Amino acid sequence: MRLALHTLPMLSLAAAAMLLPADLSAEAGATVIDNGAFEKFSGARRVTKWSYGRGWRAAEGVGVGGSRALVYANDDPAAATSPRQLVDVECGRAYMIAADIFIEGTLAGPEGAGACVQAEWLDAQGNVVGGVRTEPLASTGGAWRHVSAISKPVPKEAVRGRVSLLSAKGGTGRAVFDNVALGRWYRPRLLRFDVRETDVSTDEPQLEMVAELDLSDVGTGYSGVFVWRGSDGRSHRTPPATMDSSLARLVIPSRRIARGVSRLAFVLMKPNGEVDTHLETTFGTDGKGGAAGR
């Protein structure tokens, strides 16, 4: 999965290194698919862990960035099959399925055209009791397209999942699939980070930092820290004065913040101390600022 890197250039390097490692968690958890990037080949030049038949082949150098990938190359509508893999999933959890797809020209078929990936939830008898599918693509315009879709929670009767790579039924053409992933989907947990100056008419204006949260589906144990540069030139890491599942808040005297435009951040951490995500904003002594991305 692609993970975004965010830095705090106006904070001290020590603080940034401690709080913001290079890989921040994405909204989807680790993939449950084995060999979703198709890098593992068997001695027979087949992609391991996947079951597939006619119309599909493993190939070198055709994936994203010249990696290995799985290719659908079929001119016989009767020959189309779907590579599949059984995976473990948790009941009651939502999942995101994603992949990179490249189509040469267009895919065509009597029942519509399109390449996509899907996940299905199976009960003990092998019946499909739910699932999710990405939007079918007839063409990718000569470039790679990253596709994804989010499922509803896996129903309680499901005992396993099944991931499939699909072309339209009876379809012909050539498409390349790479980086197929299925991971638990987490709703955004850090929704907004705002900074404002209060009590500006008094001798002691205050700076209020507020992070809006949604921790309703992750239980207890999450913590947070506000990161800011002080008027002493140092970077400070201050826990919230108050924090619950929906809000973290800290108020400090404005005089303690560095003069001029300063960058402040709120970092949300998992119960094990790892960084979950963060938001940052700029703030000037005139009270104006703007939010930066996650």
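The model is predicted. The count of aromatic pairs comes to 7, and an open sheet of 4 strands is present.

**Phe38 and Trp50**

- The rings of Phe38 and Trp50 have their centres 5.5 Å apart. Their planes stand at 45 degrees, so the pair is tilted; the tilted class lies between the stacked limit of under 30 degrees and the edge-to-face limit of over 60.
- Phe38 and Trp50 both lie in the loop between strand E1 (28-31) and strand E2 (56-59). The two residues are 12 residues apart, and the pair links distant parts of the chain.
- Phe38 is buried, with a relative accessible area of 0%.
- Trp50 is buried as well, at a relative accessible area of 7%. Both assignments follow because buried means under 20% relative accessible area.

**Tyr95 and Trp121**

- Tyr95 and Trp121 form a tilted aromatic pair, with 5.8 Å from centre to centre and 50 degrees between the planes.
- Tyr95 belongs to strand E5 (residues 95-108) and Trp121 to strand E6 (residues 115-122), so the pair ties together parts that are 26 residues apart in sequence.
- Both Tyr95 and Trp121 are buried.

**Ring cluster**

- Trp56, Tyr72 and Phe177 are linked into a cluster by ring pairs.
- In general, the distance of the centres and the angle of the planes describe a pair of aromatic rings.

**Charges over rings**

- Arg46 is placed over the face of Tyr52, at 4.0 Å from the ring centre.
- Arg68 lies over the face of Phe41, and here the distance from the ring centre is 4.2 Å.

**The four-stranded sheet**

- The strands of the open sheet follow the order E4-E9-E6-E7, and their pairing is antiparallel.
- Strand E4 (84-87) and strand E7 (128-133) are the edge strands, each of which pairs on one side only.
- From one strand to the next, the twist averages 25 degrees.
- Strand E6 and strand E9 (residues 160-167) run antiparallel and are joined by 8 bridges.
- Val117 stands opposite Leu165, a residue of E9.
- In general, backbone hydrogen bonds pair the strands of a sheet, either parallel or antiparallel.

Key: Residues are numbered from 1 along each chain as its sequence is written. This is a predicted model: local features need pLDDT of at least 70, side-chain atom pairs count only at pLDDT 80 or more; totals for chains, interfaces and linings use all residues. Side-chain values use heavy atoms; hydrogens and water are left out. Rings of Phe, Tyr and Trp (its six-membered ring) pair if their centres lie within 6.5 Å; planes under 30 degrees apart count as stacked, over 60 as edge-to-face and the rest as tilted. Buried means under 20% relative accessible area, exposed over 50%, partly exposed in between (1.4 Å probe, protein chains only). A charge sits over a ring if NZ of Lys or CZ of Arg is within 6 Å of the ring centre and within 35 degrees of the ring normal. Two strands pair if DSSP finds at least two bridges between them. Axes are lines fitted to C-alpha atoms, for helices over the stretch in contact, and angles run from 0 to 180 degrees between N-to-C directions.
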